[in-house]
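Student: Could you give me one close look at how parts of this chain pack against each other, with the cut-offs behind each term?

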Amino acid sequence: MAILVKLAQDVTLPTIGAAHDALCAAFLAGQDVDLDVDGLETGDLGVVQLILAARVEAEANHRHLRLTAPANPVLISLLARTGLYPQTHADIDFWFHGVIPA
């Protein structure tokens, strides 16, 4: 069973602490994590970095981190603007559930 972590509407550098704390708590519980990013309305590079770091942490600890739904338009825009737009099949599966948005 996975722990659900839901991101707030605003996850930027000044507000990212709550998301970080929630992800850390989920990983410390030794569970897989389902990350709900659907309500994200405002974000910056920090949220992308946090999600990427969480993926690395999950993999290093033999856990799964999944998005509950494909990246929403805000997250897609952030990925494109930061130059971190998914390129590998694993990235496409993670961010877009296997279907690259048009």
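Tutor: Helix axes are lines fitted to C-alpha atoms over the stretch in contact, and their angles run from 0 to 180 degrees between N-to-C directions; helices themselves are DSSP runs (H or I, at least four residues), numbered from the N terminus. The model is predicted, so local features need pLDDT of at least 70 and side-chain atom pairs 80 or more, whereas totals for chains, interfaces and linings use all residues. Residues are numbered from 1 along each chain as its sequence is written, and side-chain values use heavy atoms, leaving out hydrogens and water. On this basis, α1 (residues 17-28) packs with α2 (residues 45-60) at about 10°, their axes 11 Å apart, and the two are therefore roughly parallel (under 35 degrees). Their contact (heavy atoms within 4.5 Å) is made by Ala-19, His-20, Leu-23 and Phe-27 of α1, together with Leu-50, Ala-54, Glu-57 and Ala-58 of α2. Within this contact, six residues are nonpolar, one is polar and one is charged (nonpolar: Ala, Val, Leu, Ile, Met, Phe, Trp, Tyr, Cys and Pro; charged: Asp, Glu, Lys and Arg; polar: the others, Gly among them). Turning to a ring elsewhere in the chain, the charged end of Arg-55 sits over the ring of Phe-94, 4.3 Å from its centre (NZ of Lys or CZ of Arg within 6 Å of the ring centre and within 35 degrees of the ring normal). Phe-94 is buried, with a relative accessible area of 8%, and Trp-95 counts as buried at 1%, as does Phe-96 at 2%, whereas Tyr-85 is partly exposed at 26% (buried is under 20%, exposed over 50%, partly exposed in between, with a 1.4 Å probe and protein chains only).

Note on methods
Angles under 35 degrees count as roughly parallel, over 145 as roughly antiparallel, 65 to 115 as roughly perpendicular and the rest as oblique.
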